[in-house]
Amino acid sequence: MGKKQRGQAPPAAAPGPEEAESSTAPAPVVEPTPPKEVVYCGVCDWPVEYCEFGSTFTKCKEWLKAEHPELWDKYYSEDALAARLGTISLEAQSKLEKDTAKKEAKAEAKAEADMKKKMSSQVIIKRIERTKRKHVTVISGLDKFGVDLKKAAKQFASKFATGASVSKVTAGATDDEIVVQGDVCYEVLEMIEDGVGVLKGIPADNVEIVEDKKKKGGD
Ligand SMILES: [Zn+2]
């Protein structure tokens with residue numbers, strides 16, 4: 001069955017005769033980019049032309065109307081919409097709107113769930129007595145607030161000039177904790193309250209200091 005390559009143009013052939021003279025510089029003509037100021041959306045951070053593809057379109061539009069009314073007119077005024085409607089079918093338009101609404105509802109639900117989860121999470125700072133004079137401070141729950149535990153451990157280590165590491169919680173828990181050498185419970189609490197470095201954004205109400213005095217069996 002004679003296979004014929006279809007629709008495939010032969011590789012770019014030699015330039016036409018009228019272009020031959022400029023064969024040393026065949027560079028395609030680059031259109032000078034008009035000086036165009038890109039306006040970035042204050043809600044989704046994308047250039048405002050792309051807001052409609054995100055999940056915050058409604059809020060984006062509100063923002064644009066408040067901050068750049070002239071751009072809002074350009075993109076979303078009745079005239080602008082009418083012009084756009086001319087290019088896509090009504091059906092496509094209503095599908096677009098439905099998709100957007102769906103996306104937004106989903107994003108909102110997710111944000112709410114995340115917030116609830118956060119608010120019901122706790123950071124526990126625990127002082128553990130290793131020996132008579134040696135304590136460690138164990139901080140758990142930071143990951144629930146989106147804190148990078150490795151970075152946090154580094155931060156504690158340099159702040160207290162001591163050892164700090166991320167370690168697996170025993171007994172099958174899914175989260176990790178940070179173990180800092182020495183008793184720095186209150187200092188850690190203060191750092192969280194002040195939102196130092198990677199410890200930003202943890203509500204102080206969700207942080208608790210727990211004393212863990214282990215009873216030592218006969219020594
Ligand atoms: Zn936006």
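**Exercise 1. Describe how helix 1 and helix 2 of this predicted model are arranged, and name the residues that make their contact.**

Solution. 
- Step 1: locate the helices. Helix 1 covers residues 57–67, and helix 2 covers residues 69–76.
- Step 2: recall what is needed. A pair of packed helices is described by the angle between the axes and the distance between them.
- Step 3: read off both values. The two axes come within 5 Å and cross at roughly 130°.
- Step 4: classify the angle. Roughly parallel needs an angle under 35 degrees, roughly antiparallel one over 145, and roughly perpendicular one of 65 to 115; the rest count as oblique. Helix 1 and helix 2 are therefore oblique to each other.
- Step 5: list the contact. Helix 1 contributes Lys-61, Leu-64 and Lys-65. Helix 2 contributes Pro-69, Leu-71, Trp-72 and Tyr-76.
- Step 6: sort these residues. Five are nonpolar, two are charged and none is polar.

**Exercise 2. Work out the strand order of the sheet and explain why one side of strand 3 and of strand 5 lacks a neighbour.**

Solution. 
- Step 1: pair strand 1 (residues 123–129) with strand 2 (residues 135–140). They are antiparallel, over six bridges. Within this pair, Ile-128 has Val-136 of strand 2 as its bridge partner.
- Step 2: Strand 3 pairs with strand 4 in the antiparallel sense, over five bridges. Ser-167 faces Glu-177 of strand 4.
- Step 3: write the whole order. The sheet is open, has five strands and reads 3-4-2-1-5, with mixed pairing.
- Step 4: find the edges. Strand 3 (164–168) and strand 5 (207–212) each have a single partner strand, so one side of each is left without a neighbour in the sheet.
- Step 5: From one strand to the next, it averages 25°.

**Exercise 3. Which strands does helix 6 touch, and what angle does its direction make with that of strand 1?**

Solution. 
- Step 1: find helix 6 at residues 185–194.
- Step 2: name its contacts. Helix 6 packs on the sheet and touches strand 1, strand 2 and strand 5.
- Step 3: compare directions. The angle between helix 6 and strand 1 is about 165°.

Methods. Residues numbered from 1 in each chain as written. Predicted model: local features only at pLDDT ≥ 70, side-chain atom pairs only at ≥ 80, totals over all residues. Pairing = 2+ DSSP bridges. Helix = DSSP H or I, 4+ residues; strand = E, 2+ residues; numbered from the N terminus. Axes fitted to C-alpha atoms, helices over the stretch in contact; angles between N-to-C directions. Contact = placed C-beta atoms within 7 Å. Nonpolar A, V, L, I, M, F, W, Y, C, P; charged D, E, K, R; others polar.
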